[in-house]
Amino acid sequence: MRSDVASLPGSPERPNEDWVAAALPASGRGGTVVLLDGVTPPAGDDGCVHTVPWFTARLGGALTELSASRPDMPLSEILSRAIRRTADAHRDTCDLSHVRTPQATVVLARWDAASVEHLVLSDSVLLLEAPDGAVRAVLDDRLDRVPGEVRRSLAATDRLRNREGGFFTAAADPAVAGRAVTGTTPRAEVRALAALTDGASRWVELFGAGDWTACFGVLREEGPAGLLRRVRALEAAAARVGGAHRRKTHDDATAAYAELPDR
């Protein structure tokens, strides 16, 4: 299997809040990709003494270990257990009921000789490429369906965070795993896959530099680092001309790419 990952912080003054890992079982007959995008909280109290990178490292580590070591366990159950394990690590010191307790988006992909399983929670993206080159994007678009005027209000956004009719992220409640977008694809129908945080998917979703198929072509030819370089160049060009868009100039950006071997 060929796999590659890359991650860039949004600012050198702030730690990168993303997490990414790719793992192979000892048999070499399958694999797993884990990608998290930590949710940057607004200034003020979030009820937790820990940082977002602490949270994503804990949750990402648990997801990587469980998804690689427990092939018998569905990805939704793996996410539920990883959230519970992470919550247990700081429930005695922090207010986990706070709406802004540390949280993250999640992409999980796992494959063996028979199938490719996936799980997506919130606005990170999973891409699946078929043997004929067709690319399918697996998306959780609930955050995108929240009106812009609501998202510009912190209080209004908080009222929809991890609530029915709003959007969901991995925070402290294991039950959120049941809200994730999940599915299984026959192994023969997937040649390669990729996972992108929204800082990396800007190439398609914000700048419109190409569609998901073109994005996958960049990942194959230039690797995740090449895609991130392209995103940073577009961001810099937009800043030079004063291009106004609704997001910060640079965001943490992370991408993972994996070519699945012939069975």
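In what order do the five strands of the open sheet stand, and is the pairing parallel or antiparallel? In this predicted model, the order is β2-β3-β4-β5-β8 and the pairing is antiparallel.

View 1. The edge positions are taken by β2 (18–23) and β8 (181–186). Each of these two strands has a single partner strand, so one side of each is left without a neighbour in the sheet. On average, and with direction ignored, neighbouring strands of the sheet are turned by 5° against each other.

**View 2. Strands β3 and β4.** Strand β3 covers residues 31–38 and strand β4 covers residues 104–111. The two run antiparallel and are joined by eight bridges.

**View 3. Helices α5 and α6.** Helix α5 (residues 198–205) packs against helix α6 (residues 212–240) at an angle of about 105°, and their axes are 9 Å apart. The angle makes α5 roughly perpendicular to α6.

**View 4. Residues in the contact of α5 with α6.** On the α5 side, the contact includes Gly199, Trp203 and Val204. Among the residues they and the rest of the α5 set meet in α6 are Trp212, Cys215, Leu227, Arg230 and Leu234. By class, eleven residues of this contact are nonpolar, two are polar and four are charged.

Conventions:
Residues are numbered from 1 along each chain as its sequence is written. This is a predicted model: local features need pLDDT of at least 70, side-chain atom pairs count only at pLDDT 80 or more; totals for chains, interfaces and linings use all residues. Side-chain values use heavy atoms; hydrogens and water are left out. Two strands pair if DSSP finds at least two bridges between them. Helices (H or I, at least four residues) and strands (E, at least two) are DSSP runs, numbered from the N terminus. Axes are lines fitted to C-alpha atoms, for helices over the stretch in contact, and angles run from 0 to 180 degrees between N-to-C directions. Angles under 35 degrees count as roughly parallel, over 145 as roughly antiparallel, 65 to 115 as roughly perpendicular and the rest as oblique. Contact means heavy atoms within 4.5 Å. Ala, Val, Leu, Ile, Met, Phe, Trp, Tyr, Cys and Pro count as nonpolar, Asp, Glu, Lys and Arg as charged, and the others, Gly among them, as polar.
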